[in-house]
Amino acid sequence: MATENKNLSAYNKEEIPNASHLRFGIVVSEWNETITEGLYTGAVDALIDCGAKSENILRWNVPGSYELTFGAKKMLQTQNVDAVIAIGSVIRGETSHFDFVCSAAAQGIKDLNVAFDVPTIFCVLTDNNLQQAIDRSGGKHGNKGAEAAIAAIKMAVLGK
């Protein structure tokens with residue numbers, strides 16, 4: 001397992017650019033809400049810890065991870081943001097639906113990064129079971145939302 005014995009949300013604040021001058025958009029899937037809320041909290045906490053102002057963090061909800069691309073696209077088109085974080089959680093079930101949703105979300109976010117000059121950060125957990133999702137959204141492996149926030153800060157600064 002790639003994240004065994006690793007905390008995904010560990011970062012050195014001194015190595016992260018100050019985010020006080022940046023504006024962030026976060027698009028959050030309502031599907032697997034317990035997980036996505038944990039990721040959202042981790043992202044916001046990390047952004048604020050690195051200097052972002054709460055009034056410069058915009059949140060939009062979408063029904064599921066498949067809809068993240070459209071929500072992020074609309075945010076990029078209509079809001080003055082320096083980076084967007086797309087937060088979702090897809091947990092493998094008994095059908096191949098998992099594969100289609102994961103692939104569409106990943107490809108969609110990639111397409112936004114090619115089409116727009118503002119980075120969109122992929123923060124979609126694609127886990128085999130609920131426990132893996134819990135472990136990565138504030139559990140024993142830290143919080144992937146915090147990791148996405150750090151990536152958003154770095155990419156926003158790179159894009160300026």
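**Helix α3**

I started with helix α3, residues 97-115: 19 residues, and 27 Å from the first C-alpha to the last, close to the 27 Å expected at 1.5 Å a residue. The expected span here is 1.5 Å times one less than the number of residues. Helices (H or I, at least four residues) and strands (E, at least two) are DSSP runs, numbered from the N terminus.

A note on what I'm looking at: this is a predicted model, where local features need pLDDT of at least 70 and side-chain atom pairs count only at pLDDT 80 or more, while totals for chains, interfaces and linings use all residues. Residues are numbered from 1 along each chain as its sequence is written, and side-chain values use heavy atoms, with hydrogens and water left out.

Next I looked up which residues of α3 are buried, and got Phe98, Val101, Cys102, Ala105, Gly108, Ile109 and Leu112. Buried means under 20% relative accessible area, exposed over 50%, partly exposed in between (1.4 Å probe, protein chains only). Down the axis of α3, the buried residues fall within an arc of 135°, so they line one face of the helix; the arc is that of the directions from the helix axis to the C-beta atoms. On the other side of α3 I found Phe100, Val114 and Ala115 exposed.

What does the buried set of α3 pack against? I get α2 (68-78), β3 (83-91) and β4 (120-127), with contact meaning heavy atoms within 4.5 Å.

**Largest pocket**

I then checked the largest pocket, which has a volume of about 300 Å³. It has 17 lining residues, and Trp31, Ser89, Val90, His97 and Val101 lie nearest its centre. β3 and α3 are the elements that give two or more residues to this lining. By type, the lining divides into seven nonpolar, seven polar and three charged residues.

For the terms: on a 1 Å grid over the protein atoms alone, a pocket is an open set of points where a 1.4 Å probe fits, with protein on both sides within 12 Å along at least five of seven lines, and lining residues have an atom within 4 Å of a point. Grid points are joined across faces, edges and corners, and a volume is the space filled by probe spheres set on the points. Ala, Val, Leu, Ile, Met, Phe, Trp, Tyr, Cys and Pro count as nonpolar, Asp, Glu, Lys and Arg as charged, and the others, Gly among them, as polar.

**Two distances to Ile109**

Ala151 lies in helix α5, and I have it as partly exposed because its relative accessibility is 28%. Ala151 is 42 residues from Ile109 in sequence and 14 Å away in space, C-alpha to C-alpha. Glu15 sits in the segment before β1; Glu15 is 94 residues from Ile109 in sequence and 26 Å away, C-alpha to C-alpha.
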